[in-house]
Amino acid sequence: PKWMSMLNDGGSGYTFWQFRVADPKVAMALSGNDGRGGLGLIGSKGRLLPVARPCKDVFDSIANIPENQIFERTIVSRYPLGTWRSKGGLVALVGDSAHGMHPNIGQGVNSAFESAAAVVHALTSAKKDVKENKNDNYNWRRSALQNFEATRKPRADIVQRFANLMGVVQATGIEIEDLSISKSQLMNIMEWIELSKNPTPNNDEETHEEDDPILEDDLVDILMKSDPCDYPGVSKLW
């Protein structure tokens, strides 16, 4: 569609709405800040109303909100970071700060939960090693975060890159067939994301890693080489 909107009852007399424009050129023309977003951008209401006029509910919702309460949101993708750890190795990023991604595939919160579970597992395991004299009391935090990154980052990088690739579809309107991936390969990646697990076993449960779906090397290679900025209408956010 040229644009889509969601209207939600926010309770206490408030209505929450979103207005998304598919065409990147039109979206940029509607932007009040060269596509970088912001709150209460001057003229944002006047630019949206003519576009929303065909739908009375959406038009009325926009018309009845003060312009200073309209927030222009920018949806961008981000390249995987080289490392999540500080130079000293005692601080690590988790969640969106480590692997913020395009919301198209709906994996942002799921990935944050996975990282939280992985870092807790790494820290508790390393602390247990200290008690069992398998690790010294000074370096256990550093080794824990190193292990967290080594076990969690490869999967998170793949999910983040896949979100980038799918974000291209939303941002440009390009057909999936025109991407460097087939629909069957796409479904294989989605199945892998949904069913595979990070190596964070629960000591009270048996793990069955051999039952986890495997992402074929050729699909990993496609995702590692994909760059959303290779497609028209997608640019880096500096």
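Gln-160 lies in helix α6, which spans residues 140–172. The model described here is predicted. The relative accessibility of Gln-160 is 0%, and this residue therefore counts as buried, the cut-off for that class being under 20%. Apart from neighbours within four places in sequence, the contacts of Gln-160 are with Arg-78, Tyr-79, Pro-80, His-99, Gly-100 and Met-101.

A second feature is the packing of two helices. Such a pair is described by the angle between the two axes and by the distance between them. Helix α2 covers residues 44–52 and helix α3 covers residues 56–63; their axes come within 9 Å and cross at roughly 165 degrees. Angles over 145 degrees count as roughly antiparallel, and α2 and α3 are therefore roughly antiparallel to each other. Their crossing is left-handed. On the α2 side, the contact is made by Lys-45, Leu-48, Leu-49 and Ala-52, and on the α3 side by Val-58, Phe-59, Ile-62 and Ala-63. Seven of the residues in this contact are nonpolar and one is charged, while none is polar.

Confidence in the prediction was also examined. The average pLDDT of the chain is 82, and 83% of the residues score at least 70. Over residues 201–208, pLDDT stays under 50. For this stretch the model has two contacts beyond four places in sequence. Where pLDDT is low, predicted coordinates should not be read in detail.

Notes
Residues are numbered from 1 along each chain as its sequence is written. This is a predicted model: local features need pLDDT of at least 70, side-chain atom pairs count only at pLDDT 80 or more; totals for chains, interfaces and linings use all residues. Side-chain values use heavy atoms; hydrogens and water are left out. Axes are lines fitted to C-alpha atoms, for helices over the stretch in contact, and angles run from 0 to 180 degrees between N-to-C directions. Helices (H or I, at least four residues) and strands (E, at least two) are DSSP runs, numbered from the N terminus. Angles under 35 degrees count as roughly parallel, over 145 as roughly antiparallel, 65 to 115 as roughly perpendicular and the rest as oblique. A crossing is left-handed if the near helix is turned anticlockwise from the far one by less than a right angle, and right-handed if clockwise. Contact means heavy atoms within 4.5 Å. Ala, Val, Leu, Ile, Met, Phe, Trp, Tyr, Cys and Pro count as nonpolar, Asp, Glu, Lys and Arg as charged, and the others, Gly among them, as polar. Buried means under 20% relative accessible area, exposed over 50%, partly exposed in between (1.4 Å probe, protein chains only). pLDDT is the predictor's confidence in each residue, from 0 to 100.
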